[in-house]
Every structure is written in structure tokens, then in C-alpha cells.
Amino acid sequence: MTKDPAPPDAGKVAAELTVALGRVVRRMRSASPESLLTPSQRSVLSRLVRGGPATTAELARLELVRPQSMRLTVGALEERGLVERAPDPSDGRQVVVSVSAQGRRAVDDARIDTQSWLTGAIEGELDAGELRTLSDAVALLERIVQR
């Protein structure tokens with residue numbers, strides 16, 4: 001009777017996973033025209049799509065950056081027509097930022113581009129057993145991030 005091999009070191013697996021996820025994210029970003037945006041611009045644009053309009057101060061708090069930095073990020077997105085500013089309907093002293101129709105299309109297009117690339121890579125590289133293993137790994141990753 002053979003003994004099961006020792007489980008891999010969790011720290012080593014974490015380091016390898018960090019590198020692999022970084023590569024996947026960079027590759028997915030390069031598969032999309034949205035890749036012309038900086039990571040902070042992409043993050044703010046996606047946050048506005050998911051969460052709806054927000055003030056620059058709220059966005060700064062959520063993105064963990066200074067309000068001055070967020071104003072620059074929002075300004076760059078506004079110059080490209082990806083976000084719009086409007087008076088806050090509940091407090092006319094404030095201005096809320098929302099994603100424009102062009103910004104929403106950019107996020108949707110980027111999602112389609114990246115998902116298409118990843119689907120093609122999975123179909124082209126993995127056999128049925130590996131696909132099941134990857135599916136199991138996705139479930140494990142979801143469990144880890146829910147902690």
C-alpha cells in the first residue's frame with residue numbers, strides 16, 4: 001500500500017498562483033481595446049457600471065486613493081467620453097459621476113473580448129479532464145475569496 005504524497009506547501013502554491021493569476025489578468029487585458037485605459041481608470045469605470053453613479057469622494061474612498069488622484073482619473077475618463085458628471089439630484093452642491101453610453105459599451109466590449117480570448121484558450125489548450133480540473137479549481141478559488 002502506497003502512502004499519499006505530502007500535500008504541497010501552501011505558501012509555495014500561493015506564490016505560484018499569484019504569478020499565474022497576474023499573467024492571466026495581463027493577457028486578458030491585452031485582448032481588449034479597453035487595455036488603453038490605466039488599471040485605475042478600468043477599475044473606476046467598472047465600479048461605476050456595477051455600482052451606479054457616485055461622487056468623486058465616494059470613488060476615492062472605494063478605490064483607496066486620495067480625492068486629488070481620483071479627480072485626475074475621472075477627468076481622464078471624462079475627456080474620453082466614458083463618464084459624465086451631473087449635479088447630485090439629492091444635494092445640488094455635489095456632483096455625481098456616472099458611466100456614459102460610450103463607457104458602458106467599452107466595458108461590455110472589453111468583457112466580450114476577454115471572455116472570448118479565455119474561452120478560446122481553454123478550448124484550444126485543455127482536454128476534457130483538464131477542463132474538469134480547472135472547473136474544480138474555479139470553485140476552490142471562489143471559496144477562498146468568500147472567506
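This is a predicted model: local features need pLDDT of at least 70, side-chain atom pairs count only at pLDDT 80 or more; totals for chains, interfaces and linings use all residues.
Biologist: How are helix α3 and helix α4 oriented to each other?
Modeller: Helices here are DSSP runs of H or I with at least four residues, strands are E runs of at least two, and both are numbered from the N terminus. Axes are lines fitted to C-alpha atoms, for helices over the stretch in contact, and angles run from 0 to 180 degrees between N-to-C directions. The axes of α3 (residues 56–63) and α4 (residues 67–79) come within 9 Å and cross at roughly 110°. Angles under 35 degrees count as roughly parallel, over 145 as roughly antiparallel, 65 to 115 as roughly perpendicular and the rest as oblique, so α3 and α4 are roughly perpendicular.

Biologist: Which residues of α4 meet α3?
Modeller: Contact means heavy atoms within 4.5 Å. From α3 come Thr56, Leu59, Ala60 and Glu63. Their partners in α4 are Pro67, Met70, Arg71 and Val74.

Biologist: Is Thr56 buried or exposed?
Modeller: Buried means under 20% relative accessible area, exposed over 50%, and partly exposed in between, with a 1.4 Å probe and protein chains only. Thr56 lies in helix α3. Leaving out residues up to four places away in sequence, Thr56 touches Pro67, Met70, Arg71, Arg85, Val95 and Val97. Its relative accessibility is 12%, so Thr56 counts as buried.

Biologist: What about Leu64, buried or exposed?
Modeller: Leu64 lies in the loop between α3 and α4. Its phi is near 60°, a positive value in a residue other than glycine. Most residues other than glycine have a negative phi. At 77% relative accessibility, Leu64 is exposed.

Biologist: How far apart are the end C-alpha atoms of α4?
Modeller: The expected span of a helix is 1.5 Å times one less than its number of residues. For the 13 residues of α4, that span should be 18 Å. The end C-alpha atoms agree, at 18 Å.

Biologist: What covers the buried residues of α4?
Modeller: The buried residues are Met70, Thr73, Val74, Gly75 and Leu77. Their cover includes α2 (39–51), α3, β2 (83–88) and β3.

Biologist: Where does Ser100 lie, and is it buried or exposed?
Modeller: Ser100 lies in the loop between β3 (91–99) and α5 (101–125). Beyond its neighbours within four places in sequence, Ser100 is in contact with Gly81, Leu82, Val83 and Glu84. With a relative accessible area of 4%, Ser100 is buried.

Biologist: What do the buried residues of α5 pack against?
Modeller: In α5, Gly103, Val107, Ala110 and Thr114 are buried. They pack against α1 (10–30), α2 and β3.

Notes. Residues are numbered from 1 along each chain as its sequence is written. Side-chain values use heavy atoms; hydrogens and water are left out.
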